[in-house]
Amino acid sequence: MKLYLKIWRQKDASSPGKIVDYTLDGVEGDMSFLEMLDILNEELVSKGEEPVEFDHDCREGICGTCSLQINGEPHGPDRLVTTCQLHMRKFNDGDTIVIEPFRATAFPVIKDLIVDRSAFERIQQAGGYISVNTSGNTVDANSIPINKHDADEAMDAATCIGCGACVAACKNASAMLFTSAKVSQFALLPQGRVEAVERVQNMVRQMDLEGFGNCTNTGACEVECPKGISLTNIARMNREYLSATLKG
Amino acid sequence: MSGLIKSSLARKYVMALSGLFLVIFLILHVTINLASVFSPDFFNEASHFMGYNPLVQFLMQPILIVGVIVHFVMGFVLEIQNKKARSISYVKYKGSANAPWVSRNMIYSGLVILAFLALHFYDFWVHEITYKYVEANPENTTRYYFETVEKFAPFWRTVLYVVSFGLLGLHLWHGFASSLQSMGANNKYTIGFKKFAKIFAVVVPLAFAFIALYHHFNPIIH
(Lines give C-alpha, C1' and ligand atoms only; values in the text may rest on other atoms or scores of the structure.)
Protein backbone atom coordinates (compact mmCIF):
# COMPACT_ATOMS: atom_id res chain seq x y z
CA MET A 1 0.00 0.00 0.00
CA LYS A 2 1.00 3.60 -0.50
CA LEU A 3 0.95 5.91 2.50
CA TYR A 4 1.28 9.63 3.00
CA LEU A 5 3.16 10.29 6.21
CA LYS A 6 3.21 13.54 8.14
CA ILE A 7 6.02 13.20 10.67
CA TRP A 8 7.19 15.59 13.38
CA ARG A 9 10.86 16.42 12.76
CA GLN A 10 12.87 18.26 15.40
CA LYS A 11 16.65 18.54 15.37
CA ASP A 12 17.10 18.69 19.15
CA ALA A 13 15.39 19.77 22.37
CA SER A 14 16.14 23.45 21.83
CA SER A 15 15.20 23.67 18.13
CA PRO A 16 11.67 24.27 16.89
CA GLY A 17 10.09 21.31 15.15
CA LYS A 18 7.70 20.97 12.23
CA ILE A 19 5.67 18.40 10.36
CA VAL A 20 7.46 17.03 7.27
CA ASP A 21 5.60 15.13 4.53
CA TYR A 22 6.84 11.78 3.19
CA THR A 23 5.32 9.35 0.71
CA LEU A 24 6.06 5.67 1.27
CA ASP A 25 5.16 2.95 -1.21
CA GLY A 26 5.29 -0.83 -0.91
CA VAL A 27 4.06 -1.08 2.68
CA GLU A 28 2.68 -4.56 3.50
CA GLY A 29 -0.20 -5.22 5.88
CA ASP A 30 1.79 -7.68 7.99
CA MET A 31 4.52 -5.16 8.77
CA SER A 32 4.52 -3.60 12.18
CA PHE A 33 4.29 0.18 12.43
CA LEU A 34 7.94 0.35 13.47
CA GLU A 35 8.98 -1.82 10.51
CA MET A 36 7.20 0.65 8.26
CA LEU A 37 9.29 3.43 9.82
CA ASP A 38 12.43 1.27 9.38
CA ILE A 39 11.69 1.11 5.64
CA LEU A 40 11.14 4.85 5.49
CA ASN A 41 14.48 5.35 7.25
CA GLU A 42 16.29 3.02 4.84
CA GLU A 43 14.94 5.12 1.98
CA LEU A 44 15.98 8.34 3.69
CA VAL A 45 19.48 7.02 4.42
CA SER A 46 19.89 5.80 0.82
CA LYS A 47 19.01 9.31 -0.33
CA GLY A 48 21.55 10.81 2.06
CA GLU A 49 18.88 12.29 4.34
CA GLU A 50 18.77 12.05 8.09
CA PRO A 51 16.56 9.17 9.33
CA VAL A 52 13.55 9.75 11.60
CA GLU A 53 14.54 9.11 15.21
CA PHE A 54 12.06 7.06 17.25
CA ASP A 55 12.20 4.97 20.42
CA HIS A 56 12.04 1.18 20.30
CA ASP A 57 13.57 -1.81 22.04
CA CYS A 58 11.90 -5.20 22.59
CA ARG A 59 9.38 -4.87 19.75
CA GLU A 60 7.06 -7.34 21.46
CA GLY A 61 5.02 -5.03 23.69
CA ILE A 62 6.69 -5.61 27.03
CA CYS A 63 9.40 -2.99 27.49
CA GLY A 64 7.36 0.22 27.15
CA THR A 65 10.01 1.96 25.07
CA CYS A 66 8.09 2.63 21.87
CA SER A 67 5.69 5.50 21.91
CA LEU A 68 4.29 7.72 19.08
CA GLN A 69 1.03 9.60 18.75
CA ILE A 70 -0.46 8.11 15.58
CA ASN A 71 -3.38 9.95 13.97
CA GLY A 72 -4.17 11.58 17.29
CA GLU A 73 -3.98 8.48 19.49
CA PRO A 74 -1.07 7.05 21.48
CA HIS A 75 0.07 3.74 19.98
CA GLY A 76 -2.39 4.27 17.13
CA PRO A 77 -5.99 3.22 16.51
CA ASP A 78 -5.77 -0.35 17.81
CA ARG A 79 -6.58 -1.22 21.43
CA LEU A 80 -4.40 -2.98 24.03
CA VAL A 81 -1.29 -2.87 21.84
CA THR A 82 1.89 -0.85 21.77
CA THR A 83 3.17 0.81 18.60
CA CYS A 84 5.52 -2.11 17.94
CA GLN A 85 2.52 -4.47 17.99
CA LEU A 86 0.43 -2.27 15.70
CA HIS A 87 0.16 -3.79 12.24
CA MET A 88 -0.09 -1.83 9.03
CA ARG A 89 -3.21 -3.82 8.12
CA LYS A 90 -5.02 -1.36 10.38
CA PHE A 91 -4.47 1.26 7.68
CA ASN A 92 -5.63 1.48 4.06
CA ASP A 93 -3.89 2.23 0.80
CA GLY A 94 -3.74 6.00 0.30
CA ASP A 95 -4.15 6.84 4.01
CA THR A 96 -2.50 9.90 5.48
CA ILE A 97 -0.88 9.14 8.86
CA VAL A 98 0.14 11.90 11.24
CA ILE A 99 2.99 10.77 13.51
CA GLU A 100 3.96 12.93 16.49
CA PRO A 101 5.88 12.49 19.73
CA PHE A 102 3.95 12.06 23.00
CA ARG A 103 3.16 15.61 24.09
CA ALA A 104 3.57 16.71 27.69
CA THR A 105 5.61 19.46 29.32
CA ALA A 106 7.05 16.73 31.56
CA PHE A 107 8.05 14.71 28.46
CA PRO A 108 10.31 17.14 26.53
CA VAL A 109 11.24 16.17 22.98
CA ILE A 110 14.86 15.02 22.65
CA LYS A 111 14.82 14.58 18.89
CA ASP A 112 12.12 13.95 16.27
CA LEU A 113 9.74 11.43 17.86
CA ILE A 114 11.84 10.64 20.95
CA VAL A 115 10.75 12.17 24.25
CA ASP A 116 12.44 12.15 27.64
CA ARG A 117 10.25 10.01 29.91
CA SER A 118 12.66 10.01 32.87
CA ALA A 119 9.97 11.84 34.88
CA PHE A 120 8.34 8.40 35.26
CA GLU A 121 11.60 6.97 36.61
CA ARG A 122 11.81 9.75 39.20
CA ILE A 123 8.23 9.04 40.30
CA GLN A 124 9.13 5.36 40.61
CA GLN A 125 12.30 6.18 42.57
CA ALA A 126 10.25 8.32 44.97
CA GLY A 127 8.49 5.26 46.38
CA GLY A 128 7.82 2.51 43.87
CA TYR A 129 9.71 -0.19 45.80
CA ILE A 130 9.72 -2.14 49.06
CA SER A 131 12.70 -2.04 51.41
CA VAL A 132 13.68 -5.68 51.96
CA ASN A 133 17.02 -7.39 52.22
CA THR A 134 17.24 -9.73 49.24
CA SER A 135 20.83 -10.91 49.71
CA GLY A 136 21.16 -14.17 51.59
CA ASN A 137 17.93 -13.62 53.52
CA THR A 138 15.33 -14.42 50.91
CA VAL A 139 11.86 -15.15 52.26
CA ASP A 140 9.69 -17.59 50.37
CA ALA A 141 7.08 -15.73 48.32
CA ASN A 142 4.27 -17.86 49.71
CA SER A 143 5.14 -17.44 53.38
CA ILE A 144 2.54 -14.67 53.72
CA PRO A 145 -0.91 -15.79 52.54
CA ILE A 146 -2.52 -13.33 50.10
CA ASN A 147 -6.06 -13.77 48.81
CA LYS A 148 -6.32 -14.35 45.09
CA HIS A 149 -8.41 -11.27 44.36
CA ASP A 150 -5.80 -8.94 45.85
CA ALA A 151 -2.95 -10.82 44.19
CA ASP A 152 -4.69 -10.59 40.81
CA GLU A 153 -5.39 -6.87 41.19
CA ALA A 154 -1.79 -6.21 42.26
CA MET A 155 -0.55 -8.19 39.28
CA ASP A 156 -2.87 -6.30 36.93
CA ALA A 157 -1.49 -3.00 38.24
CA ALA A 158 2.06 -4.31 37.91
CA THR A 159 1.58 -4.97 34.21
CA CYS A 160 2.00 -1.22 33.56
CA ILE A 161 5.03 -0.91 31.32
CA GLY A 162 5.46 2.84 31.91
CA CYS A 163 5.19 3.74 28.23
CA GLY A 164 3.46 7.07 28.90
CA ALA A 165 0.41 6.49 26.67
CA CYS A 166 -1.81 7.54 29.59
CA VAL A 167 -0.10 10.94 29.71
CA ALA A 168 -0.19 11.26 25.92
CA ALA A 169 -3.91 10.44 25.73
CA CYS A 170 -5.03 12.59 28.65
CA LYS A 171 -6.24 16.05 27.65
CA ASN A 172 -4.47 17.32 30.78
CA ALA A 173 -1.27 15.28 30.29
CA SER A 174 -1.93 13.69 33.67
CA ALA A 175 0.30 10.88 34.94
CA MET A 176 -2.21 9.60 37.47
CA LEU A 177 -2.87 6.26 35.79
CA PHE A 178 0.85 5.44 35.78
CA THR A 179 1.46 6.66 39.33
CA SER A 180 -1.65 4.95 40.66
CA ALA A 181 -0.68 1.64 39.04
CA LYS A 182 2.70 1.81 40.75
CA VAL A 183 1.08 2.75 44.07
CA SER A 184 -1.53 0.00 43.72
CA GLN A 185 0.81 -2.88 42.93
CA PHE A 186 2.31 -2.42 46.40
CA ALA A 187 -0.72 -1.10 48.29
CA LEU A 188 -2.62 -4.32 47.63
CA LEU A 189 0.06 -6.60 49.10
CA PRO A 190 1.09 -7.01 52.75
CA GLN A 191 4.75 -6.48 51.87
CA GLY A 192 3.83 -3.08 50.45
CA ARG A 193 1.69 -1.94 53.37
CA VAL A 194 4.75 -1.30 55.58
CA GLU A 195 5.76 1.79 53.60
CA ALA A 196 2.33 2.58 52.14
CA VAL A 197 1.89 5.96 53.86
CA GLU A 198 5.24 7.40 52.74
CA ARG A 199 5.03 5.77 49.32
CA VAL A 200 1.83 7.39 48.12
CA GLN A 201 2.77 10.79 49.54
CA ASN A 202 6.24 10.75 47.99
CA MET A 203 5.12 9.48 44.59
CA VAL A 204 2.27 12.00 44.33
CA ARG A 205 4.61 14.81 45.42
CA GLN A 206 7.12 13.81 42.72
CA MET A 207 4.34 13.52 40.13
CA ASP A 208 3.25 17.08 40.92
CA LEU A 209 6.83 18.36 40.84
CA GLU A 210 7.30 16.94 37.35
CA GLY A 211 4.52 19.20 36.03
CA PHE A 212 1.94 16.64 34.95
CA GLY A 213 -1.71 17.75 34.81
CA ASN A 214 -4.66 16.71 36.94
CA CYS A 215 -7.10 13.86 36.48
CA THR A 216 -10.56 14.90 35.31
CA ASN A 217 -11.84 11.33 35.09
CA THR A 218 -12.34 11.35 31.31
CA GLY A 219 -11.11 7.75 31.16
CA ALA A 220 -9.02 8.37 28.01
CA CYS A 221 -5.92 6.88 29.73
CA GLU A 222 -7.69 3.61 30.48
CA VAL A 223 -8.93 3.29 26.88
CA GLU A 224 -5.51 3.98 25.36
CA CYS A 225 -3.39 2.01 27.85
CA PRO A 226 -1.78 -0.91 25.97
CA LYS A 227 -1.96 -2.99 29.16
CA GLY A 228 -5.54 -2.10 30.11
CA ILE A 229 -4.65 -0.53 33.46
CA SER A 230 -7.95 0.33 35.14
CA LEU A 231 -9.19 3.66 36.50
CA THR A 232 -9.90 1.85 39.78
CA ASN A 233 -6.19 2.28 40.45
CA ILE A 234 -6.60 6.07 40.41
CA ALA A 235 -9.46 5.79 42.90
CA ARG A 236 -7.24 3.59 45.07
CA MET A 237 -4.42 6.15 44.93
CA ASN A 238 -6.86 8.96 45.83
CA ARG A 239 -8.05 6.87 48.78
CA GLU A 240 -4.53 5.92 49.87
CA TYR A 241 -3.36 9.53 49.65
CA LEU A 242 -6.28 10.91 51.66
CA SER A 243 -5.86 8.25 54.32
CA ALA A 244 -2.04 8.67 54.41
CA THR A 245 -2.24 12.43 54.75
CA LEU A 246 -4.86 12.35 57.48
CA LYS A 247 -2.72 9.83 59.37
CA GLY A 248 0.54 11.66 58.77
CA MET B 1 -1.33 18.34 56.16
CA SER B 2 0.53 21.07 54.24
CA GLY B 3 1.28 18.51 51.53
CA LEU B 4 -2.42 17.73 51.22
CA ILE B 5 -3.33 21.38 50.66
CA LYS B 6 -0.77 21.86 47.88
CA SER B 7 -1.23 18.56 46.08
CA SER B 8 -3.08 17.94 42.83
CA LEU B 9 -5.14 15.26 44.55
CA ALA B 10 -6.31 17.67 47.26
CA ARG B 11 -7.57 20.03 44.58
CA LYS B 12 -9.61 17.20 43.14
CA TYR B 13 -11.03 16.43 46.61
CA VAL B 14 -12.06 20.10 46.85
CA MET B 15 -13.71 19.99 43.42
CA ALA B 16 -15.57 16.79 44.26
CA LEU B 17 -16.71 17.86 47.74
CA SER B 18 -17.82 21.35 46.67
CA GLY B 19 -19.59 19.78 43.68
CA LEU B 20 -21.40 17.26 45.90
CA PHE B 21 -22.42 20.09 48.23
CA LEU B 22 -23.87 22.00 45.27
CA VAL B 23 -25.74 18.86 44.17
CA ILE B 24 -27.44 18.76 47.59
CA PHE B 25 -28.34 22.43 47.19
CA LEU B 26 -29.84 21.69 43.76
CA ILE B 27 -32.17 19.10 45.31
CA LEU B 28 -33.47 21.69 47.76
CA HIS B 29 -33.74 24.33 45.04
CA VAL B 30 -35.63 22.20 42.53
CA THR B 31 -38.00 20.92 45.22
CA ILE B 32 -39.03 24.44 46.29
CA ASN B 33 -39.24 25.62 42.68
CA LEU B 34 -41.52 22.74 41.70
CA ALA B 35 -43.91 23.99 44.37
CA SER B 36 -44.36 27.15 42.27
CA VAL B 37 -46.09 24.96 39.68
CA PHE B 38 -48.07 22.67 41.94
CA SER B 39 -48.73 24.78 45.05
CA PRO B 40 -48.15 28.54 44.87
CA ASP B 41 -49.10 28.90 48.56
CA PHE B 42 -46.44 26.44 49.67
CA PHE B 43 -43.96 28.12 47.31
CA ASN B 44 -44.67 31.49 48.92
CA GLU B 45 -44.33 30.01 52.39
CA ALA B 46 -41.06 28.23 51.63
CA SER B 47 -39.59 31.25 49.83
CA HIS B 48 -40.48 33.54 52.70
CA PHE B 49 -38.87 31.13 55.14
CA MET B 50 -35.69 30.98 53.03
CA GLY B 51 -35.66 34.76 52.67
CA TYR B 52 -36.12 35.67 56.32
CA ASN B 53 -34.87 32.80 58.44
CA PRO B 54 -31.63 34.06 60.04
CA LEU B 55 -30.02 30.59 59.94
CA VAL B 56 -30.64 30.37 56.18
CA GLN B 57 -29.74 34.01 55.50
CA PHE B 58 -26.64 34.39 57.60
CA LEU B 59 -25.23 30.86 57.75
CA MET B 60 -26.47 28.67 54.90
CA GLN B 61 -26.47 31.37 52.22
CA PRO B 62 -22.86 32.47 52.87
CA ILE B 63 -21.78 28.79 52.93
CA LEU B 64 -23.52 28.27 49.60
CA ILE B 65 -21.82 31.33 48.06
CA VAL B 66 -18.44 30.14 49.34
CA GLY B 67 -19.18 26.67 47.91
CA VAL B 68 -19.92 28.12 44.47
CA ILE B 69 -16.83 30.37 44.52
CA VAL B 70 -14.53 27.55 45.70
CA HIS B 71 -15.87 25.23 42.97
CA PHE B 72 -15.32 27.61 40.06
CA VAL B 73 -12.07 29.17 41.32
CA MET B 74 -10.58 25.70 41.83
CA GLY B 75 -11.89 24.70 38.40
CA PHE B 76 -9.99 27.61 36.84
CA VAL B 77 -6.83 26.83 38.85
CA LEU B 78 -6.91 23.21 37.64
CA GLU B 79 -7.62 24.26 34.05
CA ILE B 80 -4.60 26.60 34.03
CA GLN B 81 -2.37 23.84 35.47
CA ASN B 82 -3.69 21.38 32.92
CA LYS B 83 -2.95 23.73 30.02
CA LYS B 84 0.59 24.20 31.33
CA ALA B 85 1.06 20.44 31.47
CA ARG B 86 0.93 20.31 27.65
CA SER B 87 2.72 23.45 26.49
CA ILE B 88 2.92 22.26 22.86
CA SER B 89 -0.34 20.96 21.42
CA TYR B 90 -0.71 18.01 19.11
CA VAL B 91 -1.12 18.70 15.40
CA LYS B 92 -3.76 15.95 15.46
CA TYR B 93 -5.53 15.02 18.69
CA LYS B 94 -8.43 12.58 18.52
CA GLY B 95 -10.06 13.12 21.91
CA SER B 96 -13.35 11.66 20.72
CA ALA B 97 -11.67 8.26 20.24
CA ASN B 98 -11.26 7.66 23.95
CA ALA B 99 -13.40 10.02 26.02
CA PRO B 100 -16.91 11.47 25.78
CA TRP B 101 -17.29 15.13 24.76
CA VAL B 102 -18.94 16.10 28.02
CA SER B 103 -15.97 14.91 30.12
CA ARG B 104 -13.47 16.80 27.95
CA ASN B 105 -15.36 20.10 28.04
CA MET B 106 -16.32 20.59 31.68
CA ILE B 107 -14.66 24.00 31.65
CA TYR B 108 -17.01 25.21 28.90
CA SER B 109 -20.20 23.83 30.45
CA GLY B 110 -18.94 25.33 33.73
CA LEU B 111 -18.39 28.74 32.14
CA VAL B 112 -21.93 28.79 30.76
CA ILE B 113 -23.28 27.87 34.20
CA LEU B 114 -21.16 30.63 35.75
CA ALA B 115 -22.53 33.19 33.28
CA PHE B 116 -26.03 31.90 34.06
CA LEU B 117 -25.38 32.32 37.78
CA ALA B 118 -24.52 35.97 37.19
CA LEU B 119 -27.89 36.47 35.47
CA HIS B 120 -29.69 34.38 38.10
CA PHE B 121 -28.14 36.38 40.95
CA TYR B 122 -29.12 39.61 39.23
CA ASP B 123 -32.67 38.35 38.67
CA PHE B 124 -33.43 37.03 42.12
CA TRP B 125 -30.72 37.65 44.72
CA VAL B 126 -29.99 41.31 43.86
CA HIS B 127 -33.72 41.92 43.58
CA GLU B 128 -34.28 40.33 46.99
CA ILE B 129 -31.49 42.31 48.69
CA THR B 130 -32.80 45.53 47.14
CA TYR B 131 -36.37 44.78 48.24
CA LYS B 132 -35.40 43.96 51.80
CA TYR B 133 -32.41 46.12 52.63
CA VAL B 134 -32.17 49.01 50.13
CA GLU B 135 -35.85 49.85 49.73
CA ALA B 136 -36.59 48.46 53.21
CA ASN B 137 -40.01 47.17 52.15
CA PRO B 138 -42.17 45.39 54.75
CA GLU B 139 -42.40 41.61 54.75
CA ASN B 140 -44.87 40.29 52.20
CA THR B 141 -45.47 36.57 52.33
CA THR B 142 -47.42 36.40 49.07
CA ARG B 143 -45.16 38.23 46.61
CA TYR B 144 -42.78 35.37 45.66
CA TYR B 145 -45.06 33.43 43.34
CA PHE B 146 -46.01 36.52 41.32
CA GLU B 147 -42.41 37.74 41.13
CA THR B 148 -41.20 34.36 39.90
CA VAL B 149 -43.87 33.98 37.24
CA GLU B 150 -43.26 37.51 35.99
CA LYS B 151 -39.54 36.85 35.68
CA PHE B 152 -40.26 34.23 33.04
CA ALA B 153 -42.50 36.47 30.97
CA PRO B 154 -39.73 37.58 28.57
CA PHE B 155 -38.97 34.95 25.95
CA TRP B 156 -35.21 35.71 25.93
CA ARG B 157 -34.84 35.05 29.65
CA THR B 158 -36.75 31.77 29.44
CA VAL B 159 -34.54 30.63 26.55
CA LEU B 160 -31.36 31.59 28.41
CA TYR B 161 -32.51 29.68 31.49
CA VAL B 162 -33.49 26.57 29.52
CA VAL B 163 -30.19 26.52 27.57
CA SER B 164 -28.27 26.94 30.82
CA PHE B 165 -30.16 24.05 32.39
CA GLY B 166 -29.07 21.95 29.40
CA LEU B 167 -25.45 22.79 30.09
CA LEU B 168 -26.03 22.14 33.81
CA GLY B 169 -27.23 18.67 32.83
CA LEU B 170 -24.07 18.01 30.81
CA HIS B 171 -21.90 19.29 33.65
CA LEU B 172 -23.67 17.08 36.18
CA TRP B 173 -23.58 14.07 33.81
CA HIS B 174 -19.82 13.86 34.13
CA GLY B 175 -19.12 15.81 37.32
CA PHE B 176 -21.61 14.15 39.68
CA ALA B 177 -20.93 10.66 38.31
CA SER B 178 -17.17 10.97 38.74
CA SER B 179 -17.14 12.81 42.08
CA LEU B 180 -16.78 9.67 44.17
CA GLN B 181 -13.90 8.45 41.96
CA SER B 182 -12.07 11.69 42.84
CA MET B 183 -12.74 10.98 46.52
CA GLY B 184 -11.24 7.51 46.18
CA ALA B 185 -14.39 5.40 45.95
CA ASN B 186 -14.55 2.88 43.14
CA ASN B 187 -16.18 -0.35 44.26
CA LYS B 188 -19.18 -2.61 43.68
CA TYR B 189 -21.56 0.29 44.37
CA THR B 190 -19.93 2.56 41.77
CA ILE B 191 -22.01 1.38 38.81
CA GLY B 192 -25.23 1.97 40.74
CA PHE B 193 -24.07 5.39 41.90
CA LYS B 194 -23.12 6.41 38.36
CA LYS B 195 -26.55 5.35 37.08
CA PHE B 196 -28.22 7.40 39.82
CA ALA B 197 -25.97 10.40 39.06
CA LYS B 198 -26.81 10.26 35.36
CA ILE B 199 -30.55 10.02 36.04
CA PHE B 200 -30.15 12.99 38.39
CA ALA B 201 -28.27 14.89 35.66
CA VAL B 202 -31.24 14.46 33.34
CA VAL B 203 -34.19 14.77 35.72
CA VAL B 204 -33.14 17.82 37.76
CA PRO B 205 -32.24 20.13 34.83
CA LEU B 206 -35.41 18.94 33.03
CA ALA B 207 -37.45 19.87 36.11
CA PHE B 208 -35.85 23.33 36.22
CA ALA B 209 -36.51 23.80 32.49
CA PHE B 210 -40.11 22.63 32.90
CA ILE B 211 -40.69 25.22 35.65
CA ALA B 212 -39.27 28.05 33.49
CA LEU B 213 -41.31 27.01 30.46
CA TYR B 214 -44.47 26.44 32.52
CA HIS B 215 -44.38 29.97 33.93
CA HIS B 216 -43.54 31.46 30.54
CA PHE B 217 -46.55 29.83 28.90
CA ASN B 218 -48.87 30.34 31.89
CA PRO B 219 -48.51 34.04 32.70
CA ILE B 220 -50.56 35.73 35.43
CA ILE B 221 -53.37 37.70 33.83
CA HIS B 222 -53.81 41.04 35.66
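Predicted model: local features only at pLDDT ≥ 70, side-chain atom pairs only at ≥ 80, totals over all residues.
1. Confidence. The predictor assigns the complex an ipTM of 0.93 and a pTM of 0.95. For chain B, the mean pLDDT is 95. In that chain, 97% of residues reach 70 or more.

2. The A–B contact. Here 38 residues of chain A meet 37 residues of chain B. On the chain A side, four elements each supply at least two residues: β5 (96-100), α7 (196-209), α8 (220-224) and α9 (232-247). The top contributor is α9(A), with seven residues. By class, this side of chain A holds 14 nonpolar, 16 polar and eight charged residues.

3. Helix α7(A). This helix has 14 residues. From first C-alpha to last, α7(A) reaches 20 Å, close to the 20 Å expected at 1.5 Å a residue. Its buried residues are Ala196(A), Arg199(A), Val200(A), Gln201(A), Met203(A), Val204(A), Gln206(A), Met207(A) and Asp208(A). Note that Arg199(A) and Asp208(A) are on that list. Recall that α7(A) also supplies at least two residues of the side of chain A that touches chain B. Just after the helix, Gly211(A) adopts a positive phi of about 90°.

4. The largest nonpolar core. It counts 74 residues. Ala104(A), Cys166(A), Val167(A) and Leu177(A) touch the most other members. Helix α5 (residues 176-187) of chain A gives the most to this core, with seven residues.

5. Ala104(A) in detail. Leaving out residues up to four places away in sequence, which residues does Ala104(A) touch? Within chain A, they are Val167(A), Ala168(A), Ala173(A) and Phe212(A). From chain B, they are Ala85(B) and Arg86(B).

6. In soluble globular proteins, nonpolar side chains tend to be buried together.

7. Helix α9(B). Residues 190-217 of chain B form this helix of 28 residues. It reaches 40 Å from first C-alpha to last, close to the 40 Å expected at 1.5 Å a residue. Buried in α9(B) are Ala201(B), Val204(B), Pro205(B), Phe208(B), Ile211(B), Ala212(B) and His215(B). An α-helix has 3.6 residues a turn, so residues three or four places apart point the same way. Against what do the buried residues of α9(B) pack? They pack against α2 (8-38), α7 (143-151) and α8 (155-182) of chain B.

Note on methods: Residues numbered from 1 in each chain as written. Chains lettered and ligands numbered in written order. Contact = placed C-beta atoms within 7 Å. Nonpolar A, V, L, I, M, F, W, Y, C, P; charged D, E, K, R; others polar. Expected span 1.5 Å × (residues − 1). Buried ≥ 20, exposed ≤ 12 C-beta atoms within 10 Å, placed from the backbone. Core = buried A, V, L, I, M, F, W, Y, C linked by C-beta atoms within 7 Å. pLDDT = per-residue confidence, 0-100.
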